[in-house]
Amino acid sequence: MATNVDIETLTAEVLQSFSKTTDQRLKQILESLVTHLHDFVQDIAPSIEEWEQAIDFLTRTGMACTDVRQEFILLSDVLGVSMFVETINGHDTPEATDSTVLGPFHMVESPVRALGDDVSPESEGPRCVVSGRIVSVDGTPIGNAVIDIWQANANGFYDVQQPGVQSVGNGRALLRPEPDGHFNFRTVIPTYYPIPTDGPVGELLHATHRHPYRPAHIHFLVTAPGYKELTTHIFVGGSEYLESDAVFAVKDSLIKDFADNSNLEDAVRFEVQSPFRHGRFDIVLHPES
């Protein structure tokens, strides 16, 4: 290796150091990373102090991660990387329901609940019903799917953010649809809320004068044998911040009206008082290749 490295030869030497990498995908990733990273450094020409600040920021981002919080996912979210990855990976399944970000709070196992259960039993606030079907791209019902659901309470906090206030599992559920693909559950009506701002990601938002808010939504992660896993949301139509989601995750196809439903038969079937708010969300899975 050369001892008199300059800008013109450094990148080439680093790339050459990966020449014996047998994992070709790893080699491709590292070569692209180094090339773009070196171009970025040359473009902005950081001072030593700025480089140290960057290292400190990344170090503190890692230190902010816990068993119930993933600050690096949050950083990926606010930089639009998470949504970029989801969008790229959704290009080959355009017939399926649009995917969106996982978010930083899918950190604990959701409790198994029955269809029709209230998935937020400890959350105060008006209730709603969410119902729909799980189907394949050709309309075939998928009755053996697993639907993982998680959401914040009416004050905008997930269970893991409020130990001693919410039990772990409040606002979460693992559901299995009926054989015909139908599912339904009751829950507190979602509200918009801020992402956590008490860590390095919050500092970044503050420094760039960006707000931390996400529009009202419920997370879904749906799996079924023989189908591609889907991570998505249902967004509440009319919610604030639909046009400026802090993590860039809103897609028009995922915005659903939570309209008033005054049908007495529906109220009896869903075990709620009439009228009630009702969000309808059919989920389409794509078969694995």
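**Close-ups of the domain 1–domain 2 contact**

**View 1. Arg 60 pairs up with Glu 203.** Arg 60 and Glu 203 form a salt bridge, with 2.9 Å between the closest N and O atoms. The count between domain 1 and domain 2 is 2 salt bridges (a Lys or Arg side-chain nitrogen within 4 Å of an Asp or Glu carboxyl oxygen). This is a predicted model, where local features need pLDDT of at least 70 and side-chain atom pairs pLDDT 80 or more, while totals for chains, interfaces and linings use all residues. Residues are numbered from 1 along each chain as its sequence is written, and side-chain values use heavy atoms, leaving out hydrogens and water.

View 2. Domain 1 puts 16 residues into the contact and domain 2 puts in 20 (heavy atoms within 4.5 Å).

View 3. On the domain 1 side, Val 68, Asp 77 and Val 78 supply 36% of the area buried against domain 2, more than any other three residues.

**View 4. Helices at the domain 1 face.** α3 (48–63) and α4 (71–78) each give at least two residues to the side of domain 1 that touches domain 2 (helices are DSSP runs of H or I, at least four residues, numbered from the N terminus). The largest share, 6 residues, comes from α4.

Key:
Buried area = accessible area lost by both parts, 1.4 Å probe.
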